[in-house]
Amino acid sequence: MQKNFTLSVLNIIQPKYHIKKVTVSLLALICLFVLSIQAVQADPWWKEGGDWDWSYNNGARWSIEDYFKTNEDDAIRIGNSHFQDWNDYPANYWYSGFDSYKTKFTVDDRNAYGYVQSNSNGYIPSENYFITVNGHQYSVSIGDASFKNKNKILFSPIDTSWLDYGERHYVTLEVRSKNTKYHTYVVDGGYLYKSPYSGKVYLEFAVPFNDFGEYGEDVNRSTTWNFNQKDNYGDGIDFEGASTLAIIPVVFAVIFVGIGLRKNKKYLSNLRKVKIN
């Protein structure tokens, strides 16, 4: 009797145990499947950012930075504001042959920004924009990049006259250091648009300070800048310093901390020195 009862209990428990075992196995397979998908979708080598040092073309060295990402506090939000962020910046005019271009330039605490607008012919240069930082010259070109492997990159400048009316898309920047032959590629660092009404082409782009050359540029309020294009008749746009936007919150913070210190001296132990470059 007891033996039969035990067998009956085992017969009831065993199927439940097998169901549990199958459920656990299915969950494990699902987890492995999800992990395999994530592994496939993981950032490829050209999106990881980093310092590669492979040689190509005349011994020049190059690196591919992460996809450019905008921040809410950027002076210019590339692509996000559709050029509206430039409205309050003064314009400069460049002349090359029979063409003229409306241009602007500014910097904030992390990027240098350029703006170029064509006349009605719908063409702006794709290559040889020069940004000079404290006497160090960098050439900026816009185009499409094909990352074939870790030893070769194909970069094709864009002929903006072939853009369709109303077309807009992000482009890759090629930033070349004149002095060191170091190339940096900033994916989605530029934004192009062709007006469906006037046919004018608009370009805006951002070069992070870290992407100027192999080691980046150390920027502060005394940094001198110049933005120009190889075929422009004029001297380009001169600029000095960095944006004060990042400094204003620090100034207010210092004021409020000072008020608090007067009320309670114990805040002295929490006071931090803030260095403003």
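**Exercise 1. Find which residues form one aromatic cluster.**

Start with the rule: rings of Phe, Tyr and Trp (its six-membered ring) pair if their centres lie within 6.5 Å. Now pick out the members: Trp94, Phe105, Tyr129, Tyr138, Phe205, Phe209, Phe212, Trp225, Phe227 and Phe239 form one cluster. As for the total, the structure holds 20 aromatic pairs.

A quick note before going on: this is a predicted model, where local features need pLDDT of at least 70 and side-chain atom pairs count only at pLDDT 80 or more, while totals for chains, interfaces and linings use all residues. Residues are numbered from 1 along each chain as its sequence is written, and side-chain values use heavy atoms, with hydrogens and water left out.

**Exercise 2. Work out how the rings of Phe83 and Tyr193 are arranged.**

A pair of aromatic rings is described by the distance of the centres and the angle of the planes. Planes under 30 degrees apart count as stacked, over 60 as edge-to-face and the rest as tilted. Phe83 and Tyr193 have 6.5 Å from centre to centre and 40° between the planes, and the pair is tilted.

Phe83 is in the loop between strand 2 (60-64) and strand 3 (92-96), and Tyr193 is in strand 10 (residues 182-194), 110 residues apart.

Phe83 comes out at 7%, so it counts as buried. Tyr193, at 11%, is buried too.

Tyr193 also meets Tyr202: the centres are 6.2 Å apart and the planes at 35°, so this pair is tilted. Tyr202 counts as buried at 18%.

**Exercise 3. Decide which lysines put a charged end over a tyrosine ring.**

The test: NZ of Lys or CZ of Arg must be within 6 Å of the ring centre and within 35 degrees of the ring normal. Lys104 sits over Tyr115, 5.5 Å from the ring centre. Lys194 sits over Tyr165, at 4.5 Å.

**Exercise 4. Describe how strand 6 is covered and what it pairs with.**

Take the faces in turn. Tyr129, Ile131 and Val133 lie on one side, Phe130 and Thr132 on the other, and all are buried. Now the partner: strand 6 and strand 12 run antiparallel over five bridges (DSSP must find at least two for a pair). Within this pairing, Thr132 stands opposite Asn226 in strand 12.

Note on methods. Helix = DSSP H or I, 4+ residues; strand = E, 2+ residues; numbered from the N terminus. Buried < 20%, exposed > 50% of the residue type's maximum accessible area, 1.4 Å probe, protein only.
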